Amino acid sequence: MKAYPIGIPFKVETDLFVGEALLRVKGLANSDDPEGDKYFSGRCRTYQHVIQGRFKEEIPVSDL
């Protein structure tokens, strides 16, 4: 299984999708972004997942 960085964007590509992702987890000791906990400051948040990109081919929403 491939390990992904925590706290910094990384590239994602599959047969149908290409883009970037960012994962943050509050208080994670081995985060690749030690300053990342500032995102959670004063909030009840414990994690964040962000995915940005595009599908390589047109896919009907009903198939997702």
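## Salt bridges

Glu20 is partly exposed, at 37% relative accessibility. Buried means under 20% relative accessible area, exposed over 50%, and partly exposed in between (1.4 Å probe, protein chains only). This is a predicted model: local features need pLDDT of at least 70, side-chain atom pairs count only at pLDDT 80 or more, and totals for chains, interfaces and linings use all residues. Residues are numbered from 1 along each chain as its sequence is written, and side-chain values use heavy atoms, without hydrogens and water.

The structure holds two salt bridges (a side-chain nitrogen of Lys or Arg within 4 Å of a carboxyl oxygen of Asp or Glu). Glu20 pairs with Lys11, at 3.5 Å from N to O. Lys11 is exposed at 66%. Glu13 and Lys56 form a salt bridge, with the closest N and O atoms 2.6 Å apart. This pair links distant parts of the chain: Glu13 lies in strand β1 and Lys56 in the segment after β3, 43 residues apart. Glu13 is exposed at 57%; Lys56 is partly exposed at 37%.

## Strand pairing

Strands are DSSP runs (E, at least two residues), numbered from the N terminus. Two strands pair if DSSP finds at least two bridges between them. Strands β1 (residues 10–13) and β2 (residues 17–25) run antiparallel, joined by four bridges. A hairpin of three residues connects β1 to β2. Val12 faces Gly19 in β2.

Nine bridges join β2 to β3 (residues 47–55), again antiparallel. Leu23 stands opposite His49 in β3.
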